[in-house]
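Here's a quick briefing to read with the model open beside you. Have a look at the fold, then work through the notes below.

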Amino acid sequence: MRIPLALRAALTLALGLLITFRQDHNPHLGLHVLAVYGLGLAAIGIAAAFIQRSSFSAIEAIPGAMVALIIGVLALLANNTNEAPIYDRFNNLVAAWGLISGVYELYLARRAGFRSVSGKDSLISSVLALALGVLFLLEPIRSDITSGVGFLGAYLIMSSVHLGIAAASQTKG
């Protein structure tokens, strides 16, 4: 089992279930979840980098952790108002997270090789994140924030299932 992937899967599943079973899908909930997600992924990435100091994958974990940290902090800072621009902040942060993390995962997939197990795992994560980013970029969900938060929850659930399977799978291949 790959521990950092398992931790990412657990965090992602918990936040996806939180969105799924909450009745009020408002931008504050979306920003809170995005903040916890970003800060949690940053903590997992930095911890994995310190634990795996000798490998090159430790260095590769740092940029993703820094992007997650920045998105998490920005989501915390954006959550201080109740005005209409909060919808735009939520949309912009989710789109930025999806596109940046998707491109980064695509880079990791290409670096590992698309035929390797970790390359395939990174490619699937990349496709999910890019789909989320493109959805929020092309169709800003201003009028129906419930759908926007729901799409974030759906992304988190699908991502958690994928990460859980990837964490439990064999590392050879």
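**Helix packing and a surface patch**

T12 sits in helix α1, which spans residues 3-21; helices here are DSSP runs of H or I with at least four residues, strands are E runs of at least two, and numbering starts at the N terminus. Keep in mind that this is a predicted model: local features need pLDDT of at least 70, side-chain atom pairs count only at pLDDT 80 or more, and totals for chains, interfaces and linings use all residues. Residues are numbered from 1 along each chain as its sequence is written, and side-chain values use heavy atoms, leaving out hydrogens and water.

**T12 and its surroundings**

- T12 is buried, with a relative accessible area of 0% (buried is under 20%, exposed over 50%, partly exposed in between, using a 1.4 Å probe and protein chains only).
- Leaving aside residues up to four places away in sequence, T12 touches Y37, L156, S159, S160 and L163 (contact means heavy atoms within 4.5 Å).

**Helix pairs**

- The axes of α1 and helix α2 (residues 27-51) come within 10 Å and cross at roughly 170°; axes are lines fitted to C-alpha atoms, for helices over the stretch in contact, with angles from 0 to 180 degrees between N-to-C directions.
- So α1 is roughly antiparallel to α2 (over 145 degrees; under 35 is roughly parallel, 65 to 115 roughly perpendicular and the rest oblique).
- On the α1 side the contact uses P4, L7, R8, L11, T12, L15, L18 and I19, and on the α2 side L29, V33, V36, Y37, G40, L41, I44 and A48.
- Helix α5 (residues 117-138) and helix α6 (residues 145-168) have axes that come within 10 Å and cross at roughly 180°, so α5 and α6 are roughly antiparallel too.
- Residues of α5 that meet α6 include I124, L128, L132 and F136, while the α6 residues involved include F151, Y155, S159 and L163.

**L138**

- L138 belongs to helix α5 and is exposed, at 65% relative accessible area.
- The C-alpha atoms of L138 and A95 are 9.1 Å apart, although 43 residues separate the two along the chain.

**The nonpolar patch**

- L39, I62, M66, L69, I70, V73, L74, L76 and L77 make a nonpolar surface patch of about 710 Å².
- Patch residues have over 30% relative accessible area and no salt bridge; nonpolar side chains (Val, Leu, Ile, Met, Phe, Trp, Tyr) are joined within 5 Å, and like charges within 9 Å.
- A salt bridge is a side-chain nitrogen of Lys or Arg within 4 Å of a carboxyl oxygen of Asp or Glu.
- Accessible areas come from the Shrake-Rupley method with a 1.4 Å probe, and for residues only the protein chains shown count as cover.
- Helix α3 (residues 56-78) gives the largest share of the patch, eight residues.
- L69 is in helix α3 and counts as partly exposed, with 31% relative accessibility.
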